Structures are given as C-alpha cells and as structure tokens.
Amino acid sequence: RAPLASPAPEPRAGRDRRGTWLRRVLLAVILAGAFLARCRDAPHIFQGKRVLLPGYDTHYHMRRIQHAVADWPRVPAFDAWVNAPEGAAIYWPAGFDLLLATAARLLGAEPWTSEVERCCAWAMPFLGVALVAAAWWLGRVWRGPWTGLLAALIVAAAPMAISVSAIGRVDHDVAAVLTATLAYACCLKGLAAKERAYGIAWGAASGLLLTAGLWIWSGAIVFVVLTAVFLVVHSLAEDRVPEAAVTGVLSAAVLTTVLCALSASGRPTRMSHLFLSGFHVVLSWAGAAGLILLYIAFRACSRRRLRVAWGIACQAAVAACVVPWVFHGLRGAGSFVSATADVTVSTTGEGIGLFERGLGGVARDLSWLSLATPAALALLLCQAWAGRRRRGDGLVALWLLASLGLAAGQRRFAAVAAVPIGLSVGALTAWAVGVTRRLTVERRWLLRLLVVGGALAALACPTERWRPRPYPPNWEL
C-alpha cells in the first residue's frame, strides 16, 4: 500500500503571507518617505551652530521650553515678554512644552543653548511620522490593512500635514492630532473587543489619550465631544451601550477635571475656551452624563422603542443644560490673546479660512485628494443605508465634518482634517479597487491602474508648501 502523501499547502495561506510582507514593506517605505518630506527644510534651519526657527508661535513655545529645561519639571504659566510691560498669563496648556523639554534634557541639552532648539526642531518630523503610523493603525482597525496603508500614504504626502510637522516648526498642532488619532483607534478597539476586560482597558486608554490631548491643546475638547456624540449614536444604532464606551467617556471626564484642577494654567472656576477651565470640565461631563443616562435607560427598559425614546430625551435634556454654559464660555474668554486676536489674524493671515482661498488654496494646503471628500462621505452613507456599515463610520464622518468646519474658519486647522481625509479617501479607493474584482481581467487592471495612478498624480502635484523656503536671519531666536 502506497504511503499517504502529505497535504499540499493551501495557496491562499501563501498569498496571505506574501501580502502581509508586502504591506509591511510598503508601510516602511511610506514612513521613510514621510520623514524625508518633513526634513526638506533642514539646510535652511541649521546653519552652522545657528538654528533658525520659522513661524510665529514657534518662538513662544521655544521660550517656554527653555524655561522648562532650566527649571524642569516646572513649566512657567506667566510670560513677562508678552504684552509688555505688564506681561500675560500663558493660555495654552503645558503638555507639549513639557514633553519637548523632557526630551531635550534626556538628550543632554543644556538650558538656554541652541542644543535645545536643535532637539526640538528634530522632534517635529518624528511626531509627523508618528501621526502617519497612527493613521495607518486607525485605518487598519476601521476598515482593514489596505485602507490603513492608503490613509498613511495620504497623511504622509498631504502638504498641510507636512507643514505642521516640518523640521523646525515647533508647534503643538501635530501632537494634538496624534493623540486624537490614537484615542479614536483605542475607542474602536474597545468597541470591537470580545472580552469585557479588554474592552474596558481599551476604553480607559481612549479616555486617557483624549485627556492628554487637552493637556497639549485646549481646543482638543472638540475630540472629546465628537467621541461622546459618536458613542451615543453608535449605541442607539446597535441597541446596546458597550461598557467600553462608558469607561472611555467617564475616564475622560474624571481625568479632565483632575487636569484642570492641577494645571498651572488651569481655571477650574472660570468659563474660558482658551485656558483649561470649567468650560472643558462641563463639556467632558456632559458627554459622560449623556452616555451614562443612555446606559441606564437601556438597562431599565425592555422595549426598544421606549428605551430609545428615553435615551433621546436624556440627550436633549443634557444639551439644553450645557448649551448656555458653552455660549457663556465662548463669550467670556477674556485674556490678552482674545483682546489682540484681530491684530494677530490680520498680521499672520491665520484667520483666512481654507475654503475662502479657492480650490488652489485647498490644493496647496491639503492636496487635490480633498476634492474626493464628498464622494467618500457619500460612500459611507450608502454603505450605512445598505446595511454594510462598519464600526467607526460615524466617527470618521463626524471628525471629517468638524475638521473641515474648523479649517473654514482658520487655515491652520486644516491639519486636523488631514487624517479623516486620508481615512475616508483611502476607504473610497480601497472600495473602488475591490469592486473591480467583479470585472474581467483586462478591465480590472485598467481600472486599478487609473485609480492608483490618479491618486499618486494628485499627491505629486506641485505645491508651494513642498518647496524648501529660505528664512531670513532676523528670525533667529
């Protein structure tokens, strides 16, 4: 009797293994390209022993970082050089400045030297690469590995994403978007977790990262509110409130309260959107209260229609209580910065909205891929209507709409839109390539070449923000 032949390996397993290695290589190439694109201005930043830092807010951050390096871990909350001769309180939180000051001290930089400036200048491209990696992770968690790769490619090459993380541009924008991207990825991991302990752990990590974003930029309260709104809508659609969702918003509210109470620039008894204040405490607890009330409603009511109606009524009650406080905080933000906002906007041009500059301005700040955003939103809505929605569709759609609204008012906020644009357009491209599987071989490859070639051509369009810019010597700190 002939011996039994060993089973041949399955072809699909080999293809999956090759596909995994291919995606790893592509991710490494994207990360390397992102780093090089953000370092193109290095010859203009480093001139011998001098470090010429571009921008406006860069110098305010560097002065505070130098103080923090000298007096670590104390970060000053008052700057005598602002609003001279009286000085003024520093309204942005201390997290970003303390992070770079800690990195400079660990690298052995002496305070009040160009070594600190050099360390901070090099830290920005690394933060930009970390944002690209975070976009890849979020896209992978949301809609699979190819969506993650396409999102990473777009964030790596989008001009505005490069601008906020370019070498020498020491500002907190990229760090705030990075914490939000990681928080959203942890939120989706928590919602997808099958074990209760893992879901709660991922939810707590999401709340911690959302609070860390507030310690970097007080405007990151937008991400906390978006998370709460998404979790409420997701719970109503799924007819259950995951414990990971409750853990995330509750931990964010508790940690925000602690942060506002302990922060040197905190104003826990005031209502100001500039300082970490009661404005942020109220909004974070409003998001937590809305979800907790919804959780109680789903536990107490057995009939779906009754608990959905009760949940919606609870959300309306919370909104009715919070909206007056929000308007009060926006109207009562008194500081030197708000008093001179018109002068700052007129001199720096930061107040010029992204969409007020026409399609050319959009292309220079985000790339032409941003024009595919309406199609990407339509894709999300159509798949949700057809019953093929994915966990996180609502989060990406809310994030995209909110970030485009911010960018319409102030151009620098276009950086916030880079990640959701990358995710939505990446998902659209991956879906379009997947649809071609139902076509003939010749048409399939032709359509794929058109889609991928069009995306690469859009990314490669020449823009003003891609070219290195010489900086005058009088910008030296």
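Trainee: Which helix gives the largest share of the nonpolar patch?

Mentor: This is a predicted model. The patch covers about 440 Å² and is made by Leu 250, Val 254, Val 258, Leu 262 and Trp 285. Its largest share is 4 residues, and they come from residues 243-262, which is helix H11.

Trainee: Is Leu 262 buried or exposed?

Mentor: Leu 262 lies in helix H11 and is one of the patch residues. The cut-off for exposed is over 50% relative accessible area. Leu 262 has 70%, so the residue is exposed.

Trainee: Are the rings of Phe 46 and Trp 122 stacked or edge-to-face?

Mentor: The whole structure holds 8 aromatic pairs. In the pair of Phe 46 and Trp 122, the ring centres are 5.5 Å apart. Planes under 30 degrees apart count as stacked. Here the planes are at 10 degrees, so the pair is stacked.

Trainee: How many residues apart are Phe 46 and Trp 122?

Mentor: Phe 46 is in strand E1 (residues 46-47), and Trp 122 is in helix H5 (residues 114-143). Phe 46 is buried at 15% relative accessible area, whereas Trp 122 is partly exposed at 33%. The pair links distant parts of the chain, and the separation is 76 residues.

Trainee: What kind of pair do the rings of Phe 223 and Trp 399 form?

Mentor: The ring centres of Phe 223 and Trp 399 are 6.4 Å apart. Plane angles over 60 degrees count as edge-to-face. The planes of this pair are at 80 degrees, so the pair is edge-to-face.

Trainee: How far apart are the end C-alpha atoms of H6?

Mentor: H6 has 13 residues, and at 1.5 Å a residue these should span 18 Å. The distance found between the end C-alpha atoms agrees with that and is 19 Å.

Trainee: What separates the C-alpha atoms of Leu 153 and Gly 422?

Mentor: Leu 153 is in helix H6 (residues 145-157) and counts as partly exposed at 27% relative accessibility. Buried residues of H6 include Ala 152 and Ile 154. Leu 153 and Gly 422 are 269 residues apart along the chain, yet their C-alpha atoms are separated by 7.8 Å.

Trainee: Which residue forms a salt bridge with Asp 97?

Mentor: Side chains of opposite charge can pair when their charged atoms come close. Asp 97 lies in helix H4 (residues 95-106) and its partner in helix H3 (residues 57-70), so the pair ties together parts 33 residues apart in sequence. The closest N and O atoms are 3.2 Å apart, and the partner is Arg 64.

Key:
Residues are numbered from 1 along each chain as its sequence is written. Side-chain values use heavy atoms; hydrogens and water are left out. Patches are made of residues with over 30% relative accessible area and no salt bridge: like charges are joined within 9 Å, nonpolar side chains (Val, Leu, Ile, Met, Phe, Trp, Tyr) within 5 Å. Accessible areas come from the Shrake-Rupley method with a 1.4 Å probe; for residues, only the protein chains shown count as cover. A salt bridge is a side-chain nitrogen of Lys or Arg within 4 Å of a carboxyl oxygen of Asp or Glu. Helices (H or I, at least four residues) and strands (E, at least two) are DSSP runs, numbered from the N terminus. Buried means under 20% relative accessible area, exposed over 50%, partly exposed in between (1.4 Å probe, protein chains only). Rings of Phe, Tyr and Trp (its six-membered ring) pair if their centres lie within 6.5 Å; planes under 30 degrees apart count as stacked, over 60 as edge-to-face and the rest as tilted. The expected span of a helix is 1.5 Å times one less than its number of residues.
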